[in-house]
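Visitor: Can you walk me through this one? Keep it quick, please.

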Amino acid sequence: MSNYTQEINRRRTFAIISHPDAGKTTLTEKFLLYGGAINLAGSVKGKATARHAVSDWMEIEKERGISVTSSVLQFEYDGYCINILDTPGHQDFSEDTYRTLMAADSAVMVIDASKGVEAQTRKLFKVCGMRGIPIFTFINKLDRDANDTFDLLDDIEKELGIATCPVNWPIGSGKAFQGVYDRESQCVISYSDTEKGTKEGVATEVPIKDEEHLRELIGNDAADKLLGEIELLDGASAEFDLDEVRAGRLTPVCFGSALTNFGVEIFLKHFLNMTTPPLPRMSDIGLIKPTEKEFSAFVFKIQANMNKAHRDRIAFMRICSGKFDAQMEVRHVQGNKVLRLSQPQQIMADERKILTEAYAGDIIGVFDPGIFSIGDTLCMPKEKFAYEGIPTFAPEHFARVRQIDTMKRKQFVKGIEQIAQEGAIQIFTEMTAGMEEVIVGVVGVLQFDVLKYRLENEYNVEIRLENLPYEHIRWIENKEEVNVEKLIGTSDMKKVKDMKGNPLLLFVNSWSIGMTLDRNKGLVLTEFSRN
Ligand code: G4P
């Protein structure tokens, strides 16, 4: 095996998905702690300061104290080179959060044990499900009173439609949380208090068969309960099947507490064992294997305004095959140009490290003079193929937008089109209006503020936003077969066009979608667009 094949095969690139406050940040910090990337969990970045440090790029983030952008963390653990794709944790997340999932090979889903599956997890899960990537579940906060363990698993299965397979099983919760039972080794692992928050500290391991010691360790009541639950579990839960996991149909579940470190390292080990190295990607010349071709990558995110003075942009790309070397020339397929990627860097929280090389599975950021678009492919100069595009996801909030000073129409159009091109917002025009009205759609409402702020600061245009009641947008999949003019919708439905001229329908509620489908036989609507 060549050196670069080894490098690629030891890479694990995943995203962490969760509802805000489930513990994503804490779990990520603990992963870094085990990877030796930091000394003491929490000391890398107190959350409050980190949020400012990470996102100096946009004033608005500072003002709100939240992170709108996302970053990538790379660290080594047990011979693996791990890339964690961080997704904005606030509930005002954006389409970028979805796109980030396009660059991951698997996802870790963090669930709060006292809450079960929550709204944002459901949305993110749907996007992962669309790609069929493996999903690993960490049920967190067992040090607090938790829902019944079987109920938690039931909730995941019913809410998300994925089978679950517990890898370990919690012993008690809240004050009574003592540790976990590891099903593979058939041992109970209990933790000493000294381990809380730090890497050091001892875990005591007792085989489940050694009942005498088990009872000594966790007490008679907990032992009786555990033995009963294991019996039930062995009879009831889905059989572990790695192929099912890798196809995204079965999720291995671990229990623990990120804050106190209970179960975190076991989870990390199991996860790394089961998850995949960089996956092949579909292109217009077929599947491209990470190790089979020379360098290729696709752009999944564009971060504008990293340096306000220059209005510069960073394009984030996921390397899909081969090795990247800062000296080499690459082809930008959509722009049909051969170029050298400028200032290739790894963006880690508040640090930017200039890179000389990187491999399939890695994420790099490069300076973008305004030539890249989301979904663009880069490959070797002699090649010319394009990776499958990144879908456009359905926004959920809509507003009509007008510039206050009508003389500034040109700047307004330029600004809004550029911001839309970066993918922060989507713009639509009304098909019927005499004068073309602009409607903006966003995945998270914060993007409205970002738009207003950026138009004022970068384009000197003030705007007025008028919120619209629509919550759903659907692309017409079979638009060639449908006469959009003649579609009969509900009275509150609106017909619009996107920037590429595709017809779309806006709905106030899902009932209207159903009615419209009923009234127009043969109409096929989709929640995302690959056009
Ligand atoms: P997020 O990134 O998913 O939004 O969650 P984050 O890790 O920031 O955690 C949200 C809150 O939950 C934090 O408390 C954090 O300390 C707490 N937390 C995370 N994991 C656990 C756990 O295993 N057990 C318990 N009991 N708490 C946990 P906070 O008070 O909101 O923030 P902070 O001031 O402690 O940072």
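Visitor: Asp-154 first. How exposed does Asp-154 count as, in relative accessibility?
Guide: Asp-154 counts as partly exposed, at 38% relative accessibility. The scale: buried is under 20% relative accessible area, exposed is over 50%, and partly exposed lies in between, with a 1.4 Å probe and protein chains only. Some background: this is a predicted model, where local features need pLDDT of at least 70, side-chain atom pairs count only at pLDDT 80 or more, and totals for chains, interfaces and linings use all residues. Residues are numbered from 1 along each chain as its sequence is written, and side-chain values use heavy atoms, leaving out hydrogens and water.

Visitor: Which side chain does Asp-154 meet in a salt bridge?
Guide: That of Lys-158, at 3.1 Å, N to O. A salt bridge here is a side-chain nitrogen of Lys or Arg within 4 Å of a carboxyl oxygen of Asp or Glu. Both residues lie in helix α7 (149-160), four residues apart, about one turn of the helix. Helices (H or I, at least four residues) and strands (E, at least two) are DSSP runs, numbered from the N terminus.

Visitor: And Lys-158, buried or exposed?
Guide: Lys-158 is exposed, with 69% relative accessible area.

Visitor: How many salt bridges by this rule?
Guide: The count comes to 29. One of them joins Glu-383 and Lys-293 at 3.5 Å, N to O. Glu-383 sits in the loop between β23 and β24, and Lys-293 in the loop between β13 and β14, so the pair ties together parts 90 residues apart in sequence. Glu-383 is buried at 16%, and Lys-293 is partly exposed at 21%.

Visitor: Now sheets. What is the strand order in the open sheet of seven?
Guide: β2-β3-β1-β4-β5-β11-β6, with mixed pairing. Two strands pair if DSSP finds at least two bridges between them. β2 and β6 stand at the edges with a single partner strand each, so one side of each has no neighbour in the sheet.

Visitor: In what sense do β1 and β3 pair?
Guide: Parallel, over five bridges. Arg-11 has Cys-81 in β3 as its bridge partner.

Visitor: What about the four-stranded sheet, which order?
Guide: That open sheet runs β7-β8-β9-β10, with antiparallel pairing. β7 and β10 are its edge strands, each with a single partner. β7 and β8 pair over four bridges, and Asn-168 stands opposite Asp-182 in β8.
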